[in-house]
Amino acid sequence: MAILGNIRKQTTILILIIGLALFAFVISGIFSSGTIGGGGNKVGSAIGEINDNEVPVDAFRQKVENLSRRMGPSSSTMQVVNQVWDQEVRNSILGAQFEDLGVDIEKDQIMNYIKTNPGYSQNPQFLNEDGLFDEFKFKQFIADLKVNSPDQYKLWLQDETSIIQNAKEQTYFNLIKAGVGSSLKEGELDYKLANEKLDIKYVRVPYASIADSTINVTKSEISSYISAHKDEYKQDPARDLQFVYFNEKPSDADVKSVEDAVNGLLNETVEYNQQTDKTDTIAGFSTTTDMEAFLDRHSDVKFDTIYKAKKLLPAKFADTLMTLKVGEVFGPYRDGDAFKISRMMGRKANGSVKASHILIAYEGAQRANPEVTRTKEEAEAEAKRLLKEAKKKDVVFVELARDNSDGPSATNGGDLGYFQEGTMVPKFNDFAFGNSVGTIGMVETDFGFHIIKVDDKEDIVQIATLVREIEASEETLNKLFTDATQFESDSKSSDKAFSDLAKEKEFIVRPVNKIKAMDENLPGLSAQRAIVQWAFNEDTELGEIKRFEVDNGYAVVQLTATYAKGLMTVEDASASVLPKIRKERKAAQIIGANNGKSIDDFAKDNNVSASTATAVTVKSPTIPGAGSEPLVVGTAYAMNEGETSGLIEGETGIFMVTLNKKQEAAKLDNYSTYANNLKSAAAAKVNTSVYNALKEGAEIEDNRSVFY
């Protein structure tokens with residue numbers, strides 16, 4: 001009571017202290033560098049900005065949460081975030097276009113769009129008696145949701161927003177497509193390019209004939225090339241990492257321990273019972289009379305009482321398991337990450353039958369198609385006729401069933417697959433199990449008359465299997481943690497390089513190059529968003545090392561390189577630039593040494609032979625032995641027969657070509673088909689091409705990596 005009294009006396013002071021603490025907490029959040037999720041960048045109220053339009057983070061998070069619920073646990077947070085962001089960018093960019101053009105959607109247009117969406121238009125609950133989409137039923141469904149299922153109605157409102165957006169996009173892109181066309185002349189040219197065939201003689205001096213080592217390229221030349229091709233060598237911020245993965249896997253001792261434990265359960269054991277002061281004999285796996293209770297107590301997998309065919313048993317051990325007699329035991333054996341012992345509990349010879357049938361239904365039979373109007377007598381007569389037909393030597397039962405059966409298996413040639421005793425109705429079951437393979441006969445059931453063919457039979461077995469998963473022991477896990485922590489500490493304090501120290505300790509170093517700020521998966525570690533955020537944190541220094549807890553273990557990671565947004569450096573771009581510069585130099589060298597030569601001299605002086613290619617077309621510009629050479633074939637197409645070109649800078653070398661023959665394509669009365677094909681091909685590209693062009697021209701600030 002004295003303590004409570006003192007607390008009451010100090011209430012004012014306590015409130016003041018708590019208030020100051022909260023104020024300090026808030027202030028620290030304002031003036032410090034915020035690190036939501038470890039991002040380490042300053043946090044604002046917008047997750048991004050698209051053409052000066054901010055995307056509020058709260059609204060964005062709500063959309064991520066809604067989509068996460070819809071997509072379920074199979075999708076990662078980053079997958080959902082990226083999907084929502086892409087949609088925000090699309091909606092913003094296209095929304096501006098809709099506003100400028102006055103594109104809007106009325107209620108009847110929304111309904112028309114819904115009618116074209118199979119998810120709605122083919123949903124049975126919205127179809128009328130004729131199987132057609134019923135607008136009234138759909139509207140009534142939405143009205144019921146609003147009254148009876150508010151949460152479902154909110155989801156529908158999101159769908160409706162998406163439908164309106166899609167309908168606007170459809171209208172917008174259709175307006176653009178309306179301006180896409182192709183003339184008959186264009187159609188005629190396309191036809192000729194595809195059908196006029198060229199026979200050519202050519203000489204090629206490949207670039208590979210000049211060794212790369214003879215072409216010296218300086219850093220300044222690479223830099224100049226990058227500057228002249230800026231669009232090709234832009235880069236986003238990126239990071240290089242290397243890491244050592246400490247995997248939580250069982251040690252050899254753990255494996256041996258599990259194997260010994262399984263072995264110990266195989267046979268009966270004798271245990272001292274302190275309560276009775278006697279020794280008790282405890283049944284083992286091979287002798288227990290209550291397998292279900294035994295496996296419940298000792299196995300990681302319960303007793304599966306279902307009889308199975310050989311194909312449903314583990315493939316590696318199926319042959320051995322099927323040869324066991326009832327009561328016999330196989331094992332212990334290792335199957336993947338578990339040790340097992342199996343015991344044959346029961347066998348049913350020919351316990352599974354594969355059969356095919358032809359069903360002849362009649363009006364009033366169970367589940368008969370309403371279109372079936374034959375009487376029972378007519379059905380029986382037809383079934384007897386088909387039975388005689390089926391028993392003929394050369395008749396293919398599959399074809400007979402496909403053409404005549406009223407059952408759903410008709411499309412599969414009457415094949416019903418394998419089934420066990422009691423699966424089919426009694427008369428069908430008795431015939432299938434009571435007759436040998438190859439037998440064809442007829443039975444009557446409530447479904448109609450069946451012509452049955454017994455296709456195959458196989459034994460099924462009931463096998464009890466004791467399973468013990470091989471897992472890392474606590475001792476192994478503790479050692480793994482110690483090893484990872486020690487390596488982190490040593491790599492930070494040692495003068496040796498990270499990779500050298502790892503090699504000394506016989507650890508494997510794995511590099512990961514050019515990860516982006518929004519990446520999630522790291523090769524060898526799967527989803528590790530925390531590592532990516534750490535790598536991009538402005539406080540993380542080059543060469544810094546940190547240990548992370550990852551799936552099934554730990555990773556000690558080092559940041560090895562950083563790349564700023566902008567043009568690639570000479571070092572980063574040289575791998576792709578060098579071959580291009582060398583190719584240009586080689587081309588100039590070959591052309592300079594051979595200008596003005598005839599085709600025969602060009603071949604002779606370069607120690608190569610002339611080759612021929614026949615039936616080459618501009619639309620398929622592949623030259624045998626040289627590959628795709630559109631410029632070479634295009635040059636030949638523009639030449640006259642017997643004419644020889646100058647030196648042509650091709651993809652794989654320098655060419656000289658003689659056009660031996662041009663086979664003109666047969667003239668058509670009308671080229672509208674080809675013109676329409678060109679128009680359709682161009683229209684098909686509108687949606688993607690137009691959006692990509694708009695996106696390319698948009699100003700987009702992406703702050704996702706700060707928040708996620």
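Modeller: A salt bridge is a side-chain nitrogen of Lys or Arg within 4 Å of a carboxyl oxygen of Asp or Glu. Keep in mind that the model above is predicted.

Biologist: How many salt bridges does a search of the whole structure find?

Modeller: Searching the whole structure gives 37 salt bridges. In one of them, the side chains of Asp483 and Lys479 meet at 2.9 Å, N to O, and these two residues, four apart in helix 17 (residues 474-493), are separated by about one helical turn.

Biologist: Which residue forms a salt bridge with Lys492, and where do the two lie?

Modeller: Lys492 is bridged to Glu488, with the closest N and O atoms 3.3 Å apart, and both lie in helix 17, four residues apart. Lys492 counts as exposed because its relative accessibility is 52%, whereas Glu488, at 12%, counts as buried. Glu488 also forms a salt bridge with Arg547, where the closest N and O atoms are 3.2 Å apart. Since Glu488 belongs to helix 17 and Arg547 to strand 16, this pair ties together parts that are 59 residues apart in sequence.

Biologist: How should I read a pair of aromatic rings?

Modeller: A pair of aromatic rings is described by the distance of the centres and the angle of the planes. This structure holds 28 aromatic pairs, including Trp534 and Phe548, which are edge-to-face, at 5.5 Å centre to centre and with 70° between the planes. Trp534 lies in helix 19 (residues 529-536) and Phe548 in strand 16 (residues 545-550), so the pair ties together parts 14 residues apart in sequence.

Biologist: Are Trp534 and Phe548 buried or exposed?

Modeller: Both Trp534 and Phe548 are buried.

Definitions and conventions:
Residues numbered from 1 in each chain as written. Predicted model: local features only at pLDDT ≥ 70, side-chain atom pairs only at ≥ 80, totals over all residues. Heavy atoms only, no water. Phe/Tyr/Trp six-rings, centres within 6.5 Å; stacked < 30°, edge-to-face > 60°. Buried < 20%, exposed > 50% of the residue type's maximum accessible area, 1.4 Å probe, protein only.
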